[in-house]
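Dear colleague,

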Amino acid sequence: MSNLQSLIYTNDGGGSPTLHVLDQLLVPHEKTYVRIPNVEAAWSVIRNMQIRGAPLIAIVACLGLSVDLATNEETRREVDSMSTKEEVLQFISNKIEYLKTSRPTAVNLFNAMDELSQAIQNAGDTKEDIIQTVITHAEFMLQRDVGDNKAIGNHGARDILDNLPASRSSVRLVTICNTGSLACASYGTALGVARSLHAMDKLESIHCLETRPYNQGSRLTAFEILEEKMPNGTLICDSAAAALMRTKGVDACVVGADRVCANGDTANKIGTLMLAICAHEHNVPFYVAAPFTTLDTKLNNGDCIEIEERPANEIIETSRAPVDMPVWNPAFDVTPAKYITGIVTEKGVIRKGLDGTFDIQGFMNQHKQSVS
């Protein structure tokens with residue numbers, strides 16, 4: 001495993017949690033952990049992309065809330081001044097709503113916050129009961145994330161291998177952005193599939209796209225590939241994917257997701273749509289790997305997804321462009337379901353039916369998420 005942890009969480013004694021997160025803007029050249037003492041700090045590291053990856057965003061928000069309620073002196077004073085359970089629940093609800101404003105596209109954040117909200121509704125009547133419920137449930141979600149990611153990796157690896165042409169015995173993989181242990185509590189989603197293939201000795205090579213403008217592929221995924229000693233790991237420009245497929249050959253693309261709609265349309269890091277179109281043109285299977293919590297059947301299709309737009313300076317500063325050049329900087333794009341071969345979750349792989357469409361709601365009905 002990588003010697004860099006995305007977060008360091010402790011809770012000695014069960015009531016005094018601490019949280020530090022790796023500042024991923026500094027990786028791979030620096031290894032600096034940022035202390036998260038309250039929800040404002042959690043919001044800031046999410047918004048500023050010091051941490052990123054849909055699963056990790058959700059976990060940091062939940063753990064940050066726990067730390068705030070349990071150890072932040074200002075928060076404790078406010079809670080102590082409240083006389084009813086309803087006041088405490090409303091106070092926590094306000095903090096949850098604030099955390100939701102950090103980044104709008106990744107549904108995991110919203111689902112995790114809603115799950116936590118539901119948990120505290122069933123808490124005991126005392127202030128300490130409610131706060132302990134937040135801590136306990138956030139820690140449960142942290143542990144669940146690790147197990148879910150390993151299951152995603154194994155399901156994805158098996159599905160890719162089961163559908164390899166008879167002429168192929170190992171997999172040449174392509175991925176974009178960073179979906180490894182630095183995007184989650186541990187292990188990873190799409191890069192977790194690569195990890196599982198590697199553990200099976202079935203990974204022939206892996207190419208990662210640099211992922212402009214923040215270069216999560218070249219800074220983070222490339223780092224993890226080297227740390228894991230994955231075979232024939234290679235970094236390519238975002239615009240080189242089609243040439244790679246045409247000249248060297250690719251057996252599968254695996255990407256992460258920030259939101260999967262009812263019809264299978266998927267929001268992920270900008271550049272994913274371009275990779276999917278290239279894969280479709282070259283008959284390369286294209287997989288999305290993401291937790292069950294990323295499935296969002298409240299949205300019918302990708303046109304309903306709110307796409308976050310980032311500041312212009314993120315492109316200007318990383319491309320050395322003229323400072324007064326107008327910029328359009330969407331953080332995500334939407335890949336239509338027609339380009340997607342399968343959607344890998346911890347509960348299995350969703351494939352299209354005989355009518356050529358995904359039944360996301362049917363899959364969700366069969367695999368209800370347990371939160372207890």
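Predicted model: local features only at pLDDT ≥ 70, side-chain atom pairs only at ≥ 80, totals over all residues.

Residues are numbered from 1 along each chain as its sequence is written, and side-chain values use heavy atoms, with hydrogens and water left out.

Helices (H or I, at least four residues) and strands (E, at least two) are DSSP runs, numbered from the N terminus, and two strands pair if DSSP finds at least two bridges between them.

An open sheet with mixed pairing is formed by four strands in the order 11-8-9-12. Strand 11 (295-296) and strand 12 (332-335) stand at its edges with a single partner strand each, so one side of each has no neighbour in the sheet. Strand 8 (residues 259-261) pairs with strand 9 (residues 266-269) in the antiparallel sense over two bridges, and Val260 has Thr266 in strand 9 as its bridge partner.

Elsewhere, strand 13 (residues 342-345) and strand 14 (residues 348-351) are paired in the antiparallel sense over four bridges, a hairpin of two residues joins strand 13 to strand 14, and Ile343 stands opposite Ile350 in strand 14.

Finally, Thr175 lies in strand 4 (residues 171-175). Thr175 is buried, with a relative accessible area of 3%, where buried means under 20% relative accessible area, exposed over 50% and partly exposed in between (1.4 Å probe, protein chains only).

Best wishes
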